[in-house]
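Take a look at the sequence and the 3D structure below.

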Amino acid sequence: MKQILKIAFRDLGRNRRRSFFSALALAMGLALLLLVAAFFNGEMNSAMDATILLQSGHLQVRMASYEESKTSLKWENLIADPEQLAAQIESLDPVKTASPRLFASGIVAVRDESAGVRIYGIDPSSEANDPYRIGLLEGEFLTPDDREGVLIGQPLAEKMSLGVGDSISLSVNTSSGDVDEQVFTIRGIYSTQTYGFDSVTIFLPLAKAQAITQAERHASTIFILLNDKADTETVAAAMQGADFAVLTWPKMNEMIMQVEEMANSYIFILYLIVLGITATVIINTLIMSVFERTREIGVLSALGMKGRQIMSMFLIQSSLLAVGGVIMGLIFGLLLVTYFSKNGFYIGNMGMTGLLIGNTIYTELTLRDAISLTVLSFIVTLLAGLYPAVLASRMEPVRALRDGK
Amino acid sequence: MEVVKVENVTRVYRMGEVETHALRGVSLSIENSEFTALVGPSGSGKTTLLQLIGCLDQPSSGKVFINGKDVSKLNRSRRADTRRGTIGFIFQFFALIPTLTAYENIEMPLLLTGESANGRRERVRHLLEAVDLKDRANHRPDQLSGGEQQRVAIARALATQPALILADEPTANLDTPNGKQVMEIMTRLNQETGVTFVFATHDPRVIQFARRVITLRDGLVTDNNGKGK
């Protein structure tokens, strides 16, 4: 066995350049797979983090009768005295912050242009709204008693050529089913680096939102962030009440989970394509090696080496290639992943409706992906080595001695 | 005692529609310790006969016995078992493993028979000495001359102390002095160890070393017991 190993190893050395490029093909394949896995993981994590922070929170409390798709403003569907409930929830230990929000739909009109928007009535003083405060690019954040000010997102501002201090006309659906229209002044322009959110969301102070929609001291939801998202289910269980519905982040973001699942199967196909190409390169190298060594195989066979020993010689050779390629691939892959985890990968405005994806993706490689992709590449290389090895082991010694050069 | 017995052996090669009769009914026997040449012009069937005796190929009909055992119907794996340890080969083109040193090439058959590390070391050193290559042990084939490579091949063929060594045109690729040296070594080893040598050749300078000459023509034995020197 040692001698077989020696022959296999030295044969790789005999064609150093070819062996190197074959291992390199595997290395590039593996590095690409690691990068794709890390990119996708980063993308999904950032989508989930962004959605939790900007949209869903870890938990939301709503009236059981509230229907999100209708953005209902009827009093019976809204939470009365939301500040009181929010304060109660905030007093729970695992809760970081709880803040009432009122949602409404409306249309912004400036000159001849108009755009449909989602209005967030928020409590400007709450910690829950820090992500918006931090994202302020120009102007000032809202104050609780501001009656004429709004915040708009950068993409909307650019699209409608708006700046701080400009006036907009905002039409809003009201509780009674009418539409009220009022002129507002842009206090600030924000960006959460998430196109899908920023292009459609405008902020009003809660009190003003309640006034214009005639929702009067009501809110659509209590938005809750926890100190640790692992506590979600425990806290949700503690808050169940007859009239209220408590929604958890996995439930609210089912779509992201589904997108992730769907994308996982597409990515698996990509893995197979990359590994298929890699396997072809390896098969090619080993078949060339078999043909070049036809006479050598004949001689070894004449010396009494059995078919399975010849086969194992070639399998060892593909294992050695696999080990070399996988080590190189891990090094390349980890370097790439580390680089993009620090510097990010700018993808621009990729947001889909309902799926918030940051403009820059930071790669995140999980140990599970790293191990499974490495093992998968290794196994595929060994399988690729099988055909040339069988070819070598089936060679008739007479023919090998006669045909070999 | 008979080392080789061939009974009415034929070998037909088929290439599509065309049949080539390489051997047309050959019978012969070779006794232990013989030093025998198979001679005849190209295409007379020398190499085919050597391959059948060496269990590298199977006859189309007839029987081949090695040490009294019928090997003509053995499967590939059993033929490999028979070759290993019983038959040594020397080829025209030296046929060393290019990536292994002279020492490792000689050691190869011993590894296949499962010889102990000590046993191998002793045997390889003894053989390197016997073919006068002690100081070339760590050279790879491409660092050795043709004559030296063929001497390594002879040592490798002898490694497992086989009953029979088959050589196919062992001097065809060597110049006269090297060819002569190779034949002298083979003769000496035959006398010292008693191992049976059968070699195919059409070189008169080689034939003269043989004690028995078997002549083949068109796949038939025309002279079963000619004398060499």
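## Exposed or buried

A residue is exposed when its relative accessible area is over 50%, buried when that area is under 20%, and partly exposed in between. Keep in mind that this is a predicted model.

B:Arg14 has 59% relative accessibility, so B:Arg14 counts as exposed. Its salt-bridge partner is B:Glu19, with N and O 2.9 Å apart. B:Glu19 comes out at 40%, which means partly exposed.

## Two buried residues in chain A

Start with A:Asn253. This residue sits in the loop between helix H9 (249-252) and helix H10 (254-292) of chain A. Its relative accessibility is 6%, so A:Asn253 is buried. What does A:Asn253 contact, leaving aside neighbours within four places in sequence? The partners are A:Met48, A:Thr51, A:Ile52 and A:Ser56.

Next comes A:Val326, in helix H12 (residues 307-343) of chain A. A relative accessible area of 8% makes A:Val326 buried. Beyond its neighbours within four places in sequence, A:Val326 touches A:Leu26, A:Leu30, A:Thr374, A:Ser377 and A:Phe378. A:Gln60 is another matter: its C-alpha is 46 Å from that of A:Val326, and 266 residues separate the two in sequence.

Side chains of opposite charge can pair when their charged atoms come close. Over all chains, the structure holds 20 salt bridges.

One of them joins A:Arg217 and A:Asp81, whose closest N and O atoms are 3.2 Å apart. A:Arg217 is exposed at 51% relative accessible area, whereas A:Asp81 is partly exposed at 34%.

A:Arg187 and A:Asp146 form another salt bridge, with N and O 2.6 Å apart. A:Arg187 is partly exposed, at 26% relative accessibility. A:Asp146 is buried, at 9%.

The size of an interface is often given as the accessible area lost when the parts come together. Between chain B and chain A, the buried area is about 2,400 Å², and carbon and sulfur atoms give 61% of it. In chain B, the residues that lose the most area to chain A are B:Arg76, B:Phe93 and B:Thr99, together 24% of what that side buries. The contact involves 26 residues from chain B and 24 residues from chain A.

How many residue pairs are in polar contact between the two chains? The count is seven, with both residues at pLDDT 80 or more. On the side of chain B that touches chain A, helix H2 (76-86) and helix H3 (102-113) of chain B each supply at least two residues. By class, that side has 13 nonpolar, four polar and nine charged residues.

## Salt bridges across the interface

Two salt bridges cross the interface of chain B and chain A. A:Lys306 and B:Asp81 form a salt bridge through their side chains, 3.0 Å from N to O. Shared partners join A:Lys306, B:Asp81 and B:Arg84 into one network of salt bridges.

Technical notes
Residues are numbered from 1 along each chain as its sequence is written. Chains are lettered from A and ligands numbered from 1 in the order in which they are written. This is a predicted model: local features need pLDDT of at least 70, side-chain atom pairs count only at pLDDT 80 or more; totals for chains, interfaces and linings use all residues. Side-chain values use heavy atoms; hydrogens and water are left out. Helices (H or I, at least four residues) and strands (E, at least two) are DSSP runs, numbered from the N terminus. Buried means under 20% relative accessible area, exposed over 50%, partly exposed in between (1.4 Å probe, protein chains only). Contact means heavy atoms within 4.5 Å. Buried area is the accessible area (1.4 Å probe) that two parts lose on being put together, summed over both. A salt bridge is a side-chain nitrogen of Lys or Arg within 4 Å of a carboxyl oxygen of Asp or Glu. A polar contact is a pair of N or O atoms within 3.5 Å; within protein, one must be able to donate a hydrogen and the other to accept it, and residues adjacent in sequence count only if both atoms are side-chain atoms. Ala, Val, Leu, Ile, Met, Phe, Trp, Tyr, Cys and Pro count as nonpolar, Asp, Glu, Lys and Arg as charged, and the others, Gly among them, as polar.
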